[in-house]
Amino acid sequence: MKHVPPLVHHRVEVLDLHAHLFSVTLTVAQPEALQQLQLPVWIPGSYLVREFSKQVMQVQAFQQGRAVRVTQQDKATWVVSCAHSQELTVQYTVHAHDASVRTAWLDAQRGFFNPTSLCMQVMGQTHLPQTMDIPSVEACPHWRLATALTPVKTNAAGFGTYLATDYDELADSPVEMADFWSGQFLAKGVPHRVVVTGAAPSFDGDKLLADMKAICETEINFWHGRTKPAHDHYLFLISAVADGYGGLEHRFSTALICKREDLPRVGALSHGDGYVGLLGLISHEYFHTWNVKRLRPSALAPYNYGQENYTDLLWFFEGFTSYYDDVLLCRAELISPATYLKLLTKTINQVWQTPGRKVHTAAQASFEAWTKYYRADANTPNLTVSYYTKGALIGLCLDLSLRQSGYSLDEVMRALWKRCKAGPMTEHDLLAVLKDITGRSWQREIHAWVHGTAELPVMALLQAQGVSVQQEAASLAQQLGLRVQENHAVQIQTVLNGSPAHSAGFAPGDEWLGVELLALRKHTAQAWRLKKLDQLPLLMGTAKQCTALVSRDGQLLRLNLRLPAKPLTQWRLGLSNPVTVGQWLAGR
Ligand SMILES: [Zn+2]
């Protein structure tokens with residue numbers, strides 16, 4: 001059979017390591033006379049318009065070696081005036097210096113990119129197969145390359161030509177280039193590769209691989225039991241840095257960022273909370289392989305890369321994934337039920353300490369993710385609630401309610417996968433599956449929990465499952481209703497609505513300099529400097545009231561701060577019936 005070159009070809013080269021520049025050459029075999037080219041404004045999985053085109057420079061186009069006219073139509077779209085169906089070459093440069101998993105990075109240590117940052121869509125031809133050629137980097141002879149794309153012609157280090165079935169697959173396949181650590185394992189017969197860039201010399205790769213294998217096998221088991229999963233290969237790209245945490249899911253891979261110190265270390269007898277956090281992140285992003293990358297909101301099928309894509313289902317796709325990430329760590333026997341309850345305690349307290357839960361539903365929070373969750377500011381906790389944490393608690397409530405009647409959320413997830421054929425889904429599908437499995441409508445619960453702002457029945461459901469709920473004093477900042485930063489002074493970041501700080505008149509941006517109190521056994525006021533919030537109990541003792549001395553816009557203000565008569569509490573969960581808790585967390 002004659003080899004037919006692809007109609008759309010992207011060549012990505014390192015142009016200047018120290019100026020952080022990639023050079024991209026796009027070849028279109030059969031362009032339109034007015035060919036539109038467009039760079040995405042967002043990357044699926046991260047619901048924020050990021051305007052990747054702001055890093056693009058010097059767009060030029062050529063046909064038969066001669067320059068043709070390129071006009072920029074809007075912030076992310078270019079139109080080339082060219083001869084129809086005659087090979088078109090477009091060249092441009094992209095600046096890459098964002099270490100997050102959502103964009104692109106290039107320096108002498110490492111290259112990383114999501115094609116959403118570098119590769120333009122050839123409008124009208126995004127459904128066609130696309131090839132991407134990445135030549136090796138002369139200045140970095142030890143670099144290797146890793147991506148989940150299908151290799152067509154590559155060298156031993158992984159540089160060369162890759163194939164994507166369409167633009168979606170290209171956009172969904174991040175690329176890592178570095179002198180990285182690489183390992184692999186089989187999970188239920190599926191090859192998984194793990195690439196770690198930036199690890200310290202103490203990094204214990206074998207320990208990480210063993211734990212990741214346990215997670216992947218548990219999750220494949222969760223969705224498929226004995227049958228084969230929908231993916232036949234998978235790649236984890238982990239970037240270890242001095243400080244950072246996060247991940248982005250893709251169909252055949254995920255890009256993660258973690259603290260170097262959170263990776264497991266050779267010879268360590270135990271691993272701390274940081275490592276549990278990393279395993280939770282791995283578990284979360286891998287669960288997305290099913291829940292959001294295949295089973296996904298119908299509003300995101302297909303993705304529109306040119307603007308916001310609205311869905312009110314992120315409480316399901318992010319929230320239920322957040323519910324299962326730690327549950328499945330427990331099921332994989334990587335954490336104990338007691339550790340699981342500690343993590344759950346944190347999630348519950350976060351939701352209870354967010355006043356926005358009383359004014360914004362989980363469905364609304366999903367819909368407005370683009371402007372509220374992803375553009376958080378000082379007032380965000382007052383006007384929205386995280387669809388991750390509240391969504392996780394909705395998942396918990398649903399699972400525990402189902403378990404009371406002999407069913408489980410596990411069955412519901414698997415039934416949804418079947419009903420929606422591992423594709424687009426709506427809230428109606430969830431309700432239909434719940435009714436199919438249990439024989440009754442769950443409209444009332446879903447309506448109240450997802451589309452309402454009343455408190456979730458977390459306590460009663462946990463207690464019925466054998467979890468004890470105790471109250472303990474909340475932190476001082478929480479008592480006051482403040483989120484602060486403490487650099488030489490107490491800087492007010494956020495004032496929670498309904499709190500003592502709110503009543504006193506604190507505002508974000510205030511600098512809390514000191515307090516004025518009536519001196520003991522004297523009737524004169526004394527003023528004290530405050531450098532840290534923790535000094536307040538020392539100064540106030542049992543007093544319930546003080547005058548806060550605050551600097552705002554060059555003025556000094558005196559605010560009357562009254563503490564509540566009864567201190568604010570937060571939850572602490574414990575095991576009251578290890579058998580029933582064990583059954584729940586083991587998925588029995
Ligand atoms: Zn997620």
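This is a predicted model: local features need pLDDT of at least 70, side-chain atom pairs count only at pLDDT 80 or more; totals for chains, interfaces and linings use all residues.
Residues are numbered from 1 along each chain as its sequence is written, and side-chain values use heavy atoms, with hydrogens and water left out.

Next I turned to disulfides, taken as pairs of cysteine sulfur atoms within 2.5 Å, and the count came to zero. The closest cysteine sulfur to that of Cys216 belongs to Cys258 and is 16 Å away, too far for a bond. Cys258 also counts as buried, at 1% relative accessibility.

Then I looked up Asn382, which I found in helix H8, residues 380-383, helices being DSSP runs of H or I with at least four residues, numbered from the N terminus. Asn382 is buried, with a relative accessible area of 6%. Its side chain makes a polar contact with the side chain of Asn379 at 2.8 Å, a polar contact being a pair of N or O atoms within 3.5 Å, of which, within protein, one must be able to donate a hydrogen and the other to accept it, with residues adjacent in sequence counting only if both atoms are side-chain atoms. I also noted that a polar atom of the Asn382 side chain lies 2.8 Å from the backbone nitrogen of Asn497.

How values were computed:
Buried means under 20% relative accessible area, exposed over 50%, partly exposed in between (1.4 Å probe, protein chains only). Helices (H or I, at least four residues) and strands (E, at least two) are DSSP runs, numbered from the N terminus.
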